[in-house]
Amino acid sequence: MDMDTDTDAFVKLKGVRISSLDDDDDQEPVNIDDEDENDDDDDDDEEPEPATLGFFEKPKDEWMLYRQCFPSKAGGVPAWLDPVNLPSGRSFMCGICGEPLQFLLQVYAPIEKESTFHRMLYVFMCLSMKCLLRDQHEQWKRLPEKPSRSVKVFRCQLPRINPFYSSEPPKCDGSDKPSGSGAVLCDWCGTWKGDKLCSSCRIGRYCSEKHQSMHWRSDHKITCQQLKISSVCASNRMGTSVESHKVASNTLWPEFSIIIDDESEYNTDMCEGNALATSLISRNKNDETMDSLLGIFQGDDDKKSWAYFQERIAKAPEQVLRYYRNTSARPIWPVSSGRPSKLDIPKCSYCGGSLCCEFQILPQLLYYLGVDNEADSLDWATIVVYACEASCEGSVAYKEEYAWVQLYSSSTTLR
């Protein structure tokens, strides 16, 4: 998985670029309503198509995660593709508790057409497991009901000629610069627009009262007075960027690059013992523990799904993401319960077209992010992201897409 140069890394990342649906003249459209509701039951005996796998890697240089390098990354703060027109209103808040969502990861996935020369998908989630449990009930809602979600996905895309970046590929040597600055960001999270001013110093900027309160309790209560009497001028805060913005929060997840590789590159004959020894999902537990875990699942279907999931993951145990768009590969579900039917996936809320499976986030990611193994800590079986099949255009810079979250049963613990 090591890359020879940083330029090679960008080229390989661009390899995820997928063909526009408009180019597939001979491909007949699929009518979701005419197919079986569950799309994973009919092909269990077929040889699965390899997916594109994503792995975490600590970036060699800080600049590799700047927005002008179009990074796929996780943790820290997002590298906004459009740095000005960020999600606003209640769109960046948990639909259940109302608190600002935390950045989980972003995937650079351009499509070969002019309007999607640059294309990025972002995943955010609430830190509360209680909200994620509630989210389970909400995601089963169908129109006209509108679900309140604790996991949200945003899609942003730009043509090659745009106000923010050069039309030439980045050099990936640290010399690339964006065109202009971005929106002023929250001093606490460094993620969302800092539309609210500290009423005392008139310099501190926040996305919400919650983050202003957290910063005040952290250290702004002291620094606020210093800022009031300092020569710092608020006019210097007209714009900012990820690389220059200092974030006060100590709850952000650690930052990683996401590098890609093809699943077919991995040895399919890996022995089961070695797979369990290296698999992050089992957290290095022994066979006896895994057998005990297998016995917790309800019924043969759950056991079959779990065994198949482990078999696929064992080929590359450190994978954290599986990319599917424009392939016949399908998500691998750790358990059979809680899988969506085709009718459970809504239409695009902007163009009314179908959504397609874009990528899948695996539970191994929790290990890398250092999520505590506590009863109320975040945990999931998998998160599958669906995006507009046509990657529709429109006036909204960040269009909200759809995430399906599958949890283990309340009696099942993998960590």
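1. Two strands count as paired if DSSP finds at least two bridges between them; strands (E, at least two residues) and helices (H or I, at least four) are DSSP runs, numbered from the N terminus. By that rule strand β3 (residues 73–74) pairs with β4, antiparallel, through two bridges. A74 has L105 as its bridge partner in β4.

2. On the basis of the note: this is a predicted model, in which local features need pLDDT of at least 70 and side-chain atom pairs count only at pLDDT 80 or more, while totals for chains, interfaces and linings use all residues. Residues are numbered from 1 along each chain as its sequence is written, and side-chain values use heavy atoms, with hydrogens and water left out.

3. Overall content. The chain has seven helices and 15 strands. Of its 415 residues, 51% are buried, where buried means under 20% relative accessible area, exposed over 50%, and partly exposed in between (1.4 Å probe, protein chains only). Contact here means heavy atoms within 4.5 Å. Among contacts between residues at least 6 apart in sequence, 76% join residues at least 24 apart. The chain exposes about 19800 Å², and carbon and sulfur atoms supply 47% of that area; accessible areas come from the Shrake-Rupley method with a 1.4 Å probe.

4. Strand β4. All seven residues of β4 (residues 102–108) are buried, so the strand is largely enclosed by the rest of the structure. L105 stands opposite V123 in β6. In a regular strand, side chains alternate between the two faces of the sheet.

5. Cores. A nonpolar core is a set of buried Ala, Val, Leu, Ile, Met, Phe, Trp, Tyr and Cys residues joined through side-chain atoms within 4.5 Å. The largest has 34 residues, and L104, L105, F359 and W380 have the most contacts inside it. Leaving aside residues up to four places away in sequence, W380 touches L104, M125, I361, L362, P363, L365, L366, V405, Q406, L407 and Y408. A second, separate core has 32 residues, including F92, M93, L158 and C189.

6. Helix α3. This helix (residues 209–229) has 21 residues, but its end C-alpha atoms are only 24 Å apart, against the 30 Å that a straight helix would reach at 1.5 Å a residue; the expected span is 1.5 Å times one less than the number of residues. α3 bends by about 80 degrees at D219, the bend being the angle between axes fitted to the seven residues ending there and the seven starting there. H211, H215, H220 and C224 of α3 are buried. The buried residues of the helix pack against β9 (205–206).

7. Positive phi. F70 is in the loop between β2 (52–57) and β3, and is buried, with a relative accessible area of 3%. S391 is not a glycine either, and has a positive phi of about 45 degrees. S391 lies in the loop between β13 (382–388) and β14 (399–400) and is buried at 0% relative accessible area.

8. S349. This residue is in the loop between β11 (319–323) and β12 (355–361). S349 counts as exposed because its relative accessibility is 62%.
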